[in-house]
Amino acid sequence: MSDLYELRCKECGKAWGNSARSFCEDCFSPLEVYFDYDSLKKTVRRENLVGRAFNMWRYAEFLPLQEGYAARGDVGGTPLVASTKLAARWGVKSLFIKNDAVCFPSLSFKDRVVATALAAARRFGFQTVGCSSTGNLANAVAAQAAQQGFDACVFIPADLEPAKVLNTAVYGARIVRIDGNYDHVNRLCAQIADRFQWGLVNVNLRPYYSEGSKTHGFEIAEQLGWRLPDNVVVPMAGGSLIGKIAKAFRELVTLGWVEDKPVKFFGAQATGCSPISSAVKRGLTRFEPQKPNTIARSLAIGNPADGNYASKLIRESGGWAEDVSDSEIVSAIRLLAETEGIFTETAGGVTAGVAEKLIREGRIHPDETTVVCITGNGLKTTDAIAAEFPLTEAIAPRIEAFEAYLESQLPATAAARA
Ligand SMILES: *Cc1c(COP(=O)(O)O)cnc(C)c1O
Ligand SMILES: [Zn+2]
């Protein structure tokens with residue numbers, strides 16, 4: 001191959017070169033980007049990274065980009081926060097939060113996948129790009145399409161959070177609201193990709209899209225000082241991100257950049273949409289599709305494309321999957337904000353809530369190193385927690401009014417101080 005990568009079928013192994021397709025026409029299994037690691041070993045070393053900016057493009061050789069691709073935008077490169085207060089609260093020794101709530105440009109990890117998908121869209125000559133989205137993906141497509149001069153047309157379930165719709169519209173993208181849930185939207189998009197010459201990032205460009213998620217994993221390993229953690233807790237919608245973090249870790253081992261060690265993968269879902277965590281908990285090899293009903297809209301995929309691969313990875317790694325209720329999601333959002341100063345969206349509430357549950361159940365050991373992957377920003381899902389924080393009454397701009405206010409609050413103030 002002229003590139004150092006190509007599409008191959010995940011099941012029958014047939015090679016499909018590089019083109020805008022996502023499944024094998026022989027056996028209908030998904031396609032995956034395979035790299036020529038022997039050549040990669042010769043062309044890139046860890047030392048090459050010194051002096052490169054800390055964003056996802058520092059791992060360019062591991063991404064399906066055309067030679068000489070001029071990457072645009074400061075995507076990724078998010079903090080890995082060493083937790084003290086939350087770790088103490090949960091009784092664990094070594095806890096890190098990978099914080100993609102502040103991923104640029106659109107404040108979720110979806111910026112990473114869109115970055116590699118648009119590189120493929122450029123390569124294959126698409127002028128219009130789009131996606132089926134539970135919210136964040138539409139934000140990321142709209143923002144990066146605007147920046148790079150693509151036309152954008154995104155498809156979303158009609159009942160998405162207003163902030164996520166607005167965060168797409170502002171960039172000038174065309175938004176098509178569909179009367180149905182994400183799985184209906186996704187089915188429609190498969191037909192649209194067939195009929196129109198459009199690059200739908202998570203449909204016909206899906207293999208290139210999902211490679212972008214690897215950079216979340218590369219950054220974790222590098223920020224731990226080129227070490228792998230013992231445990232990773234990852235939110236699951238389509239089940240792609242969790243598999244790509246595993247792929248990233250494997251690639252670093254293959255190239256000899258980190259020492260090999262077993263990493264346990266833990267998947268997080270909302271109870272109201274938990275096809276993958278249910279499959280893991282019930283020991284099924286194939287998940288059963290569900291009809292989503294949860295405030296964690298960004299994870300509300302009832303028929304996840306990579307669901308069976310995700311549950312297999314979790315089982316084989318010695319990890320586990322769990323799910324949390326809507327009220328547990330809200331509590332976990334509050335807890336992460338109050339302890340670490342990180343305001344995450346409902347998906348992050350799912351991840352943090354599940355991490356706590358797994359620690360309590362003894363599935364995550366307190367003396368091991370655990371990374372919790374926070375993937376989106378709380379300002380996009382304020383509706384989900386607004387009821388928790390009713391507005392206080394306004395007071396007059398006078399010192400007596402403030403004193404009277406404090407007086408009236410005394411029991412609460414004293415309790416807060418205690
Ligand atoms: C899309 C999304 C996920 C899950 O991604 P998959 O790769 O589809 O499993 C997690 N968190 C947030 C905030 C998302 O938008
Ligand atoms: Zn095949």
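Select helix H9 first: of its 15 residues, 11 are buried, where buried means under 20% relative accessible area, exposed over 50% and partly exposed in between, with a 1.4 Å probe and protein chains only. The model is predicted, so local features need pLDDT of at least 70 and side-chain atom pairs count only at pLDDT 80 or more, while totals for chains, interfaces and linings use all residues. Residues are numbered from 1 along each chain as its sequence is written, chains are lettered from A and ligands numbered from 1 in the order in which they are written, and side-chain values use heavy atoms, leaving out hydrogens and water.

H9 covers residues 240-254; helices (H or I, at least four residues) and strands (E, at least two) are DSSP runs, numbered from the N terminus. Its buried residues include Leu 241, Ile 245, Phe 249 and Leu 252. Just beyond the helix, Gly 256 has a positive phi of about 75°.

Next, select strand E7 (residues 151-157), which is largely enclosed by the rest of the structure because 6 of its 7 residues are buried. Strand E6 (residues 128-132) pairs with E7 in parallel over 5 bridges, pairing requiring at least two DSSP bridges between two strands, and Cys 131 stands opposite Val 154 in E7.

Key: The expected span of a helix is 1.5 Å times one less than its number of residues.
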